Amino acid sequence: MHPSVHARTAPDKPAIIVAETGETISYGELDAASNRAAQLFRSHGLGHEDVVAFMLENTPHYFGLTWGAQRAGLRYVCISSRLTQDETDYILENSGAKMLVVSASLASSALQLTTRIDRFSMGGDIPGWPKIEDALAKMPAERVADERAGVDMLYSSGTTGRPKGVRVPLPEERAIDAPNSLVMMAAAAFGIGPDSVYLSPAPLYHAAPLRWSMTVHRLGGTVVLMKKFEPEGALAAIQHYRCDAAQFVPTHFVRMLKLPEEIRAQYDVTSMKSAIHAAAPCPVPVKQAMIDWWGPVLLEYYAGSEGNGMTFATSQDWLAHKGTVGRAILGTVHIVGEDNETEVPVGEEGAVFFESDNVFEYHDDPEKTASSRNSKGWSTLGDVGWVDEEGFLYLTDRKSFMIISGGVNIYPQEIENHLVTHPKVADVAVVGGPHEEMGEEVIAVVQPADMADANDDLRDELMRYAREKLSGVKVPRRIDFIEALPRHDTGKLYKRLLRDQYWEQAKAQA
């Protein structure tokens, strides 16, 4: 299916509702907006396989542009509003984008960009830039003559280096409403359908919020879009709009669970049937608390923008295999040793590879593409984990985050998952810092729930808390406090930035 189909059969049905304001765009309006966008792209010379870029805050008008690019046979790049000027220019140049649309609220960043392509502002003025609304208003709301299905080309958030563009082939089936595997999977496994009211609390420039929201549109449901995640606001939106599906990251769960009990109790969340979560493994106590609160409606998956595979776990699966991210429903999981070739025994840790027919490449980076494959054609996202005898996958951490202290491999995720459950901790990141004798030492960077608590007493309390559950080698040797961690709105942590600070400080002091 496709939103244009629903525009013909139910033009007045809400396709998008802004959670905070109630602003609504119907399927008829969405279809017209996407046709005008496709016409605008053509008027600027953009043809099949060409690239258009959007750097926008969450707005219901985002979808008119993405669906317009989809029906014009374009590749559309959605850029994080958190990136630096250098990173944004890099993505524009690397992707070959021919047009850029930027939220007026990002004007100060937009005016620093050096890449010379067609530029438009949205939602206000950027000096010297034409408004996209004015340009679209001049376009006919009719389908372009050479309509053809396009596809997104999304970039990694740059947590471990330069953002990498994930390039997949345009669909072989040119029809814009051709069957889509994600759509069929969502309908079957995740319970999404035409009656769904789906809460989208995360930035649309990230793969999961964008793709899941557009999947809901394909199926004819309603997307309730939050401008920005706020824990009580999410609960209020679920109650007010009777949302029955949503997608979260573990950080969202942590923030909702840390609301005072009297606040949580004010909201009715019994409408929820599918609380989908991904992006990072969820700490066991956090997920257990969410199931205790919302019931067995949590559905977890593990996948990447690359689309090379996917695992899936229901709440019932997870309760029987606590800590799992599920069994494969797309591709086959293989756990391999240091040579990236030899499979290790069940229960043993190694690199997680998927064997599947789905093809991807990192745009303009053959070395990165090659490093994600082995000789058998299996591909990896860079994660480490293990499988049990029933084939359930458990993730340990990303290989690039591993700390080597005294020759011992230490993965930060387990340490973070424990410390974040402390009632005085809002967020935590664990990195490896330089140590003269051990090579690296374990450093916990803690964001307290209240910065007034950031003192030696809390430091000692957290050390004792760590020793309760963690082996000696995993207990942090150092705990530092920070007002806010450099975390992406999607929940991903810019851990590289934290780690680099410690190594740069040591170098400067040497």
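Reader: Why are H3 and H8 called roughly perpendicular to each other?

Author: Helix H3 (residues 62-71) and helix H8 (residues 207-219) pack at an angle of about 75°, with axes 12 Å apart. Angles of 65 to 115 degrees count as roughly perpendicular, under 35 as roughly parallel, over 145 as roughly antiparallel, and the rest as oblique. H3 and H8 are therefore roughly perpendicular. Axes are lines fitted to C-alpha atoms, for helices over the stretch in contact, and angles run from 0 to 180 degrees between N-to-C directions.

Reader: Which residues make the contact?

Author: H3 brings Phe63, Thr66, Trp67 and Gln70; H8 brings Leu210, Ser213, Met214, His217 and Arg218. Contact means heavy atoms within 4.5 Å. By class, this contact has four nonpolar, four polar and one charged residues. Ala, Val, Leu, Ile, Met, Phe, Trp, Tyr, Cys and Pro count as nonpolar, Asp, Glu, Lys and Arg as charged, and the others, Gly among them, as polar.

Reader: What kind of model is this?

Author: The model is predicted: local features need pLDDT of at least 70, side-chain atom pairs count only at pLDDT 80 or more, and totals for chains, interfaces and linings use all residues. Residues are numbered from 1 along each chain as its sequence is written, and side-chain values use heavy atoms, without hydrogens and water.

Reader: Why does glutamate 49 count as partly exposed?

Author: Its relative accessibility is 38%. Buried means under 20% relative accessible area, exposed over 50%, partly exposed in between (1.4 Å probe, protein chains only). Glutamate 49 therefore counts as partly exposed. Its place is the loop between helix H2 (27-43) and strand S3 (51-55). Phi is positive there, about 80°, although glutamate 49 is not a glycine. Most residues other than glycine have a negative phi.

Reader: What makes asparagine 340 partly exposed?

Author: Asparagine 340 has 23% relative accessibility, so it counts as partly exposed. It lies in the loop between strand S16 (332-336) and strand S17 (350-355).

Reader: What makes strand S19 mostly covered?

Author: Seven of the nine residues in S19 (residues 379-387) are buried.

Reader: How many bridges join S19 to S20?

Author: Five, and the strands run antiparallel. Two strands pair if DSSP finds at least two bridges between them. Valine 387 stands opposite leucine 393 in S20. S19 and S20 form a hairpin with five residues between them, and glycine 391 in the turn has a positive phi of about 85°. Four bridges join S17 to S19, also antiparallel.

Definitions and conventions. Helices (H or I, at least four residues) and strands (E, at least two) are DSSP runs, numbered from the N terminus.
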